[in-house]
Every structure is written in structure tokens, then in C-alpha cells.
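Reader: I have the chain open and would like to go through how its features got their labels. Shall we start with what a term stands for?

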Amino acid sequence: MYRYRCLLYNQGLLPYLEALEWQRSLMRDRIQNPHLDDVLILLEHPPVYTLGQGAKPEFLKFDPEQTKFEVHRIERGGEVTYHCPGQLVGYPILNLQRHQKDLHWYLRQLEEVLIRVLAIYNLRGERIPGFTGVWVEGRKVAAIGIKVSRWITMHGFAFNVCPDMTGFNQIVPCGIADKPVASLAEWIPNITCEQVRPQIAKSFAEVFAVELVESVDKELFSVY
């Protein structure tokens, strides 16, 4: 049933720039050697705002040049988003030549992973035509933004499990003013990221037909 191995890194709270350099290193390695295993990193970030390649500054409700907030413009697609503890972030480093060389397919597969996780909690995750992400009852619970180079992916999804949602008040999330954001905890009180991590891993393995192999090799952090 499983066609390929995928290394799973269950990390805790990791600074955004450290995780970004880790992803870039993993992507570079796989561009140079496409036979390396796929990777899925699951982690949380300290509070940080990120802007995709074409993100519009007006979607920030503060001056990024004069702020106490950590703000980074990065190479993924999409608009502005917010990361913080309680939000489970997934960074798949996949070789799409093994799967399907179709970016729209890949985005829909990432959505499917999270829709299946929501179904475990008897919640109906939905797509909205023309947008990327997952909604529950009209409120966005997961944002998705990717970069692909030579069919190797980086960046990924951010799933609001139980974060402090006040940080979203400083932005127009994903540039969508009329669709509010929400967290899983609003439907499932006391839910934690630790409870959701294995559900995401299982769903990811099913959707992408990979065998997840958990790894704790911290030496990967020293490659850059």
C-alpha cells in the first residue's frame, strides 16, 4: 500500500527562521539527490507573522518597520498569516515526481489531510472554491502556502488547534476580510497539539501513501 518512506520529525516549539533554514537545507539536499526520502516536519512556532511572495502590506494592521512583532517575508505563495504556540504547523519536503507533478493536486491533498483529521472529531472540514485552506462552519481553521522547486516542496500547512487567537486581530488573515478564522478548540474544548499530532501523521500517510518513519536525528540542525 505504501509506496515510499517519509521521515517524520515531531519537533516542539522552534523559532521560525531556524525552521525555515532547516527546510531550505532539506530542499537543497533533495534537489541535488532526488533519491533521498521525503520528510514531514510537525512543530509549533513562537509568535510570528509571515508574508508570502505577493502579500500586500495593507493586510498588516501595523507598521512592519516599527513593531515589536516578528515579521518575515518569505518565498511561499499566499498572503499574510500568523503562527503561534497551539497552532500545529506541517512542513512536507516531498519529491512530487514520486507522487504527482501537479501543484493544484498537491494543494488539494494537503487540504484532504486536514479534512480527514477534522472528521475524526466529527467535524466537517470544507473547501471554498477559489481559495486554498480548510474551513469549518464558514471559519478558516487551516491555512496552506507552499513553494516548489524542481518538484521538491517546502512550507506547508498551519492548523489552528488551540492557539491564542488574538494575534490574528493584527492582520487580515490570508487577505480574506470576510471569512473569520477559528481553532479546533472552539468545537473540541481542551484539545491539545499533542493529541492532534498522531492524527495528522496518520492522515498524511494515508493521503500520500507513504510509510512514516519517526526520526529524532537532531544532527540535521547542524547542516547550515
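Author: Gladly! Contact here means heavy atoms within 4.5 Å. With that in hand, what covers the buried residues of α3 includes β1 (4–13), β2 (38–44), β6 (87–93), α2, β9 (152–160) and β10 (210–214). Do keep in mind that this is a predicted model; its mean pLDDT is 91, and 93% of the residues reach 70 or more. Over residues 219–224, though, the pLDDT is below 50.

Reader: How do you know that the length of helix α3 agrees with its number of residues?

Author: Helix α3 (residues 193–208) has 16 residues, which at 1.5 Å a residue should span 22 Å. The end C-alpha atoms are 22 Å apart, so the two agree. Val207 and Phe208 are among the buried residues of α3, and both are in contact with Gln109 of helix α2.

Reader: Why is Gln109 called buried?

Author: Buried means under 20% relative accessible area. Gln109 is at 16%, so it counts as buried.

Reader: What makes the pair of Tyr49 and Tyr82 tilted?

Author: Planes under 30 degrees apart count as stacked and over 60 as edge-to-face, with the rest tilted. The planes of Tyr49 and Tyr82 are at 35 degrees, so this pair is tilted; the ring centres lie 4.7 Å apart. Tyr49 is in strand β3 and Tyr82 in strand β5, so the pair ties together parts 33 residues apart in sequence. Tyr49 is buried at 2%, and Tyr82 counts as buried at 8%. Together with Phe69 and Phe168, these two tyrosines form one aromatic cluster.

How values were computed:
Residues are numbered from 1 along each chain as its sequence is written. This is a predicted model: local features need pLDDT of at least 70, side-chain atom pairs count only at pLDDT 80 or more; totals for chains, interfaces and linings use all residues. Side-chain values use heavy atoms; hydrogens and water are left out. Helices (H or I, at least four residues) and strands (E, at least two) are DSSP runs, numbered from the N terminus. Buried means under 20% relative accessible area, exposed over 50%, partly exposed in between (1.4 Å probe, protein chains only). pLDDT is the predictor's confidence in each residue, from 0 to 100. The expected span of a helix is 1.5 Å times one less than its number of residues. Rings of Phe, Tyr and Trp (its six-membered ring) pair if their centres lie within 6.5 Å; planes under 30 degrees apart count as stacked, over 60 as edge-to-face and the rest as tilted. Lists of a residue's contacts leave out its neighbours within four places in sequence.
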